[in-house]
Amino acid sequence: MMNKSTLNFLNQLKENNNRDWFAEHKKAFETEQKLAKTFFTSVGEQLGKIDRIERIQIFRIYRDVRFSKNKLPYKNHFSVGFTRTKPLLRGGYYLHIEPGGSFVGGGFWEPNTADLHRIRKEFEMDDEEIRTIVADATFKKFFGELKGDELKTAPKGFDKTHPAIDLIRKKQYLLTRSFSDKEVLATNFQDEVLATFQAMRPFFNYMSEVLSTDLNGESIY
């Protein structure tokens, strides 16, 4: 389970996001970080039983402020990412713990140029399968809709009047499900996280097939 003390610490950090306060409360941070890591590791172990995970990355609390206008030194959340085993399995899972802003996410955050072009070409050629996936009742229950930043117009080389232009314009393909603090602290939270990850699988399976084949459906590996 996630601990209430973890959310309390993150709330305090949000109100006191400076190096002096953090130094004074370093021991409390280390305690809560350890609790969060224990939970994240448990989620990873269970996820590994239902999918092939290549890498688990628990993100650091320290922000990189070098190129950011926001100079606050610390994140006010704990988070972890789980990467599926490439090249045949694509997509990544993400878990974000933040008071009032916790969520489970997944999908394709920053697809490289080649992958993004391949996805767009697939939708240009045939968008029936992806639309069936995102219209499924389970998908809608967990995620509502397919999210992600998008261009204001068609990307270069694509027709802006194409029926699938709403999908083609996207630069990211993301799924998210929010959780209240009460839900995060519930005894079944880990089960809900894993159920949410499991609900991503039809989308991941489809995208993995797209990204491991050419436009003729032939394997590229």
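Colleague: Which residues line the largest cavity?
Modeller: Gln-33, Ala-36, Lys-37, Phe-40, Ile-58, Phe-59, Arg-60, Ile-61, Phe-78 and Ser-79. A cavity is a set of points on a 1 Å grid over the protein atoms alone where a 1.4 Å probe fits but cannot get out, and lining residues have an atom within 4 Å of a point. This is a predicted model: local features need pLDDT of at least 70, side-chain atom pairs need 80 or more, and totals for chains, interfaces and linings use all residues. Numbering starts from 1 along each chain as its sequence is written, and side-chain values use heavy atoms, without hydrogens and water.

Colleague: How much space lies in there?
Modeller: About 50 Å³, counted as the space filled by probe spheres set on the points, with grid points joined across faces, edges and corners.

Colleague: Which element gives the largest share of the lining?
Modeller: H3, with 4 residues. Helices (H or I, at least four residues) and strands (E, at least two) are DSSP runs, numbered from the N terminus.

Colleague: New topic. What order do the strands of the sheet take?
Modeller: S1-S2-S3-S4-S5, open and antiparallel. Strands pair if DSSP finds at least two bridges between them.

Colleague: How many bridges join S1 to S2?
Modeller: 5, and the two strands run antiparallel. Gln-57 has Gly-81 in S2 as its bridge partner.

Definitions and conventions:
1 Å grid on protein atoms, 1.4 Å probe; cavity = no way out; pocket = protein on both sides within 12 Å on 5 of 7 lines; lining within 4 Å.
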